[in-house]
Amino acid sequence: MMFCGARVRELICGACERELPHDSFSERQRGLRQSSRRCKECVAAGTQLVLVKRGRKRSEEDDCPICQLPLPLDPDESMFKPCCMEEVC
């Protein structure tokens, strides 16, 4: 964006992911990094940040019931426990 011959840096909203001019953000939001910055329009609409929208890639069923970490993809690195009928790492 050009303003009186000088280039004005636009900021990216972390919710709608659009490049917007500085006046689209409140003073508080302008000082935040992109991943947590939202434009006035998104704040008013209650739009969540993109990071929050994306969520998990694997289901919670793929987690070890003991340590809560994702089970390894290689079946040789985990074992099935017949006593509790669960797969653990």
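Biologist: Which residues make up the largest nonpolar core?

Modeller: Seven residues: Leu11, Cys13, Ala15, Leu20, Phe25, Cys39 and Cys42. A nonpolar core here is a set of buried Ala, Val, Leu, Ile, Met, Phe, Trp, Tyr and Cys residues joined through side-chain atoms within 4.5 Å. Buried means under 20% relative accessible area, exposed over 50%, and partly exposed in between, using a 1.4 Å probe and protein chains only.

Biologist: Okay, and where do these coordinates come from?

Modeller: This is a predicted model, where local features need pLDDT of at least 70 and side-chain atom pairs count only at pLDDT 80 or more, while totals for chains, interfaces and linings use all residues. Residues are numbered from 1 along each chain as its sequence is written, and side-chain values use heavy atoms, leaving out hydrogens and water.

Biologist: What sits over the ring of Phe25?

Modeller: The charged end of Arg37, 5.7 Å from the ring's centre. To count, CZ of Arg or NZ of Lys must be within 6 Å of the ring centre and within 35 degrees of the ring normal.

Biologist: New topic: how many salt bridges are there?

Modeller: One. Glu41 pairs with Arg18, and their closest N and O atoms are 3.3 Å apart. A salt bridge needs a side-chain nitrogen of Lys or Arg within 4 Å of a carboxyl oxygen of Asp or Glu.

Biologist: Which parts does that pair tie together?

Modeller: Glu41 is in helix α2 (residues 40-45) and Arg18 is in the loop between β3 (11-12) and β4 (19-20), so the pair links parts 23 residues apart in sequence. Helices (H or I, at least four residues) and strands (E, at least two) are DSSP runs, numbered from the N terminus.

Biologist: Is Glu41 buried or exposed?

Modeller: Exposed, at 55% relative accessibility. Arg18 is partly exposed, with a relative accessible area of 35%.

Biologist: Last one: where does Gln48 lie?

Modeller: In the loop between α2 and α3 (50-54). Gln48 is partly exposed, with a relative accessible area of 46%. Its C-alpha is 8.6 Å from that of Gly14, 34 residues apart along the chain.
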